[in-house]
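Good morning, everyone, and thank you for making the time. Please bring up the model on your screens, and we will go through a few of its residues together.

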Amino acid sequence: MKKHFSLLALVAVGFLSFASSAITAADTAHAAADVDPALAAATGRVKVIVLFKNKLPPARSAQASTSYLRVRKHLEENARRSQRDFLAAAKSDRSFLGGATVRPLWILNAAVVELPSEEISALKSHPDVRSIHANRKMSIIRDFSEKPLRLSPSMDANYTYGLNLISIPKLRAEEPKADGRGILVGIIDTGVDAKHPFLRDRIVGFRDFAGKKGSTEPYDDNGHGTHVAGTIAGGGSENPEQIGVAPGAKLLIAKVFTGSGSATMESILAGMQWMSDPDGRPETGDEPSLVSNSWGGGASDPSADPAND
């Protein structure tokens, strides 16, 4: 994918730079690992998110056209060095941490570790472990709009209320080519209905991290992700009603939420890592220019109105 010297390219760089900002020289080999209080009552086998002490300082680059690749490689190298001894022990010793299974994640220098709860204290004592977190659940926050939004007489009836509100009809009239063409947008959500008439030929890639894990056949058993996809790139010249901000854009979809609208930190992090480098080869530049995470943050109850928080 050709790199563009634009705000969208900077957003792509920022996506990985956020993870890279967590890499500091302050990590020490002997600092005790912090443990999430939510794990105090854990029993049986549990999945936890383990963050490791960083071996490398942050990657820095002044040029947006090269920094994405540099930061991407830096994150992977930091994770490789930081997790090397831990992963080697897990691979060579089946009794390591009670027979723990480990799924490494370079994007955050972390790993998803499934182990007996009584082994958490031993995990805490590992010299390379910085902190241990519960594999928390998150939920899509439902729509609280009770009344349909009606167009005012001054609005263009060919566009939705939302598009009128942000002056898209005016933009289309003045800059008809400013429709997202040539831009790849990532969406991390509940999936997508690729057969929806307003999304025809928009989806270029899909990966499921929730229901049918590993599946590449697009689907959405909730509807929220399809709604988001439509808001971003729905419609186009073949449809009389314009519903998307950028109908010329292409979409890359990571499904991390189940049909009920719930997700774990494991599925979210795995989806983010895949979205950052879909084919696993940094040099190909197949990452999206920007990524939508339109699902709120931290709410465990979908009935909780964020307006009241």
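This is a predicted model: local features need pLDDT of at least 70, side-chain atom pairs count only at pLDDT 80 or more; totals for chains, interfaces and linings use all residues.

Does Leu 165 count as buried or exposed? Leu 165 counts as exposed because its relative accessibility is 56%, where buried means under 20% relative accessible area, exposed over 50%, and partly exposed in between, with a 1.4 Å probe and protein chains only. Residues are numbered from 1 along each chain as its sequence is written, and side-chain values use heavy atoms, with hydrogens and water left out.

Leu 165 lies in helix H4, which covers residues 161-165; helices are DSSP runs of H or I with at least four residues, numbered from the N terminus.

Let us turn to helix H2, residues 64-92, where we find Arg 81. With a relative accessible area of 36%, Arg 81 is partly exposed, and its side chain makes a polar contact with the side chain of Glu 77 at 2.7 Å. A polar contact here is a pair of N or O atoms within 3.5 Å; within protein, one must be able to donate a hydrogen and the other to accept it, and residues adjacent in sequence count only if both atoms are side-chain atoms.

Helix H2 also holds Arg 72, which counts as buried because its relative accessibility is 3%, and the side chain of Arg 72 makes a polar contact with that of Glu 76 at 3.0 Å.

Methods
Helices (H or I, at least four residues) and strands (E, at least two) are DSSP runs, numbered from the N terminus.
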